[in-house]
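Here is a short report for someone meeting this structure for the first time. It goes from strands to helices, then to cores and loops.

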Amino acid sequence: MHRSLGHYHRVVIKIGSALLVDRRHGIRRAWLDKLCDDIAQLKGRGVEVLVVSSGAVALGRTVLHTHPGALKLEEAQAAAAVGQIGLAGAWTDSLLNHGILAGQILLTLQNTEERRQYLNARATIRQLLKAGAVPIINENDTIATSEIRYGDNDRLAARVATMIGADLLVLLSDIDGLYTAPPHLDPAARFLPEIEAITPDIEAMAGGAASELSRGGMHTKIEAGKIATASGCAMIIASGKIDNPLAAIEEGSRHSIFHASHMPVNARKTWIAGQLLPAGTIYIDDGAATALAHGKSLLPAGVTGVEGHFARGDTVAIFNAKGAEIARGLSGYDSDEALRIAGQKTGGIEAILGYPARAAMVHRDDLVMTSTGSKKKNEDSTHA
């Protein structure tokens, strides 16, 4: 399948640790130089390119000669601090071979979940692109803790793609695309070259990570696809284990493409939909779920339960009666207020709260439908 990447305006490329770092020898310089040849070719055709590069912790482990196996948090952060310097230097050197400048950006989960920080990061990236540089983006592993981190660069890359309005996200990995089952476990697994939409069946096909240097597996790539495609950005999963992997895609090497949504949401709703850590959960009945599907606001009468502690304006996940997430939105009420008025008619809210209140629990302008069929991991909830 031949696919010209030059037809896209802005492309985000995610590089997995196992591709970029050799556990014994460090940066795979020859491979990186070949990839930068591809990037230079794309830029020469007018394509803006951003890179989300894993590898800081893996490289730092090599330099520091750390023990094999899982690292403690402080050990991983120290490895990242050492590795990030070498990683940035390697990208700088390889891109400079083509006269291209690199600009390093380190992000935490909070930088993309908090609206003001999100906008500031977007402005910085846009300025780098305007200057003709290639932003090299990574999670800031030196300060991120398990509670405030992405944990994988697949979803970080998807958030970057939606943040900057990219029209293509390329995930280069140690696998060449999506299969109906993990191919290393099931020899009969069938390869899927094109995915029109990410359905619950597609999500069920995801497997785990295949390499000790990889933190994400196919599951995180599917999660990335949901974030990216909802904003109108297509996504490709392709093997990076070959030289010039981007050129190989254009020449027809095997890869899976996830098509962008035909009804992408606007920039503000893209930010809402891509939130990885909703502050709370609202459970609704079938009637409310039908209303949301038809573009209506969520009214208190349709709410059957509320979970978590959140303030007005925080992002909440909305689950239907079957326990599947169907939407995300900005709450019109604090969680304690939401609990008190759940299931109540609009006309009775003032008497309960003691002041005139908004009609909608989540207004349709602050709500976006999500196409996930995954069950909530924690089934314990505080129902009204």
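Strand 16 is joined to strand 17 (residues 367-369) by three bridges, and the two run antiparallel. Across this pairing, Gly-329 stands opposite Leu-367 in strand 17. Helices (H or I, at least four residues) and strands (E, at least two) are DSSP runs, numbered from the N terminus. Two strands pair if DSSP finds at least two bridges between them.

Strand 15 (residues 315-319) also pairs with strand 16 in the antiparallel sense, over five bridges. Here Ile-318 stands opposite Ala-327 in strand 16. Strands 15 and 16 form a hairpin with five residues between them. In its turn, Gly-323 has a positive phi of about 85 degrees. Strand 16 (residues 325-330) is mostly covered: six of its six residues are buried. Buried means under 20% relative accessible area, exposed over 50%, and partly exposed in between (1.4 Å probe, protein chains only).

## Basis of the model

This is a predicted model: local features need pLDDT of at least 70, side-chain atom pairs count only at pLDDT 80 or more, and totals for chains, interfaces and linings use all residues. Residues are numbered from 1 along each chain as its sequence is written, and side-chain values use heavy atoms, with hydrogens and water left out.

Eight strands form an open sheet with mixed pairing, in the order 5-6-4-1-7-11-12-10. Its edge strands are strand 5 (102-107) and strand 10 (194-195), each pairing on one side only. Strand 1 (residues 10-15) and strand 7 (residues 168-173) pair in the parallel sense over five bridges. Lys-14 stands opposite Leu-171 in strand 7.

Helix 9 (residues 218-230) lies across strand 7, strand 11 (234-239) and strand 12 (255-258). The helix runs at about 155 degrees to strand 11. Axes are lines fitted to C-alpha atoms, for helices over the stretch in contact, and angles run from 0 to 180 degrees between N-to-C directions.

## Nonpolar cores

A nonpolar core is a set of buried Ala, Val, Leu, Ile, Met, Phe, Trp, Tyr and Cys residues joined through side-chain atoms within 4.5 Å. The largest has 40 residues, and Val-12, Leu-169 and Leu-178 have the most contacts inside it. Elements giving two or more residues to this core include strand 4 (48-53), helix 6 (115-130) and helix 7 (153-164). Helix 7 gives the most, with seven residues.

Beyond its neighbours within four places in sequence, Leu-169 is in contact (heavy atoms within 4.5 Å) with residues including Val-12, Ala-157, Ala-228 and Ile-236. Another core, of 38 residues, lies apart; among them are Leu-35, Cys-36, Ile-39 and Leu-59.

## Helices 3 and 4

The axes of helix 3 and helix 4 come within 6 Å and cross at roughly 95 degrees. The two helices are therefore roughly perpendicular (65 to 115 degrees; under 35 counts as roughly parallel, over 145 as roughly antiparallel, and the rest as oblique). Residues that meet include Leu-59 and Val-63 in helix 3, and Val-82 and Leu-87 in helix 4.

## Two loop residues

His-65 is in the loop between helix 3 (56-64) and helix 4 (73-96). His-65 has a positive phi of about 55 degrees although it is not a glycine. At 68% relative accessibility, His-65 counts as exposed.

Asn-244 lies in the loop between strand 11 and helix 10 (245-250). Asn-244 is not a glycine, yet has a positive phi of about 50 degrees. Its 21% relative accessibility makes Asn-244 partly exposed.
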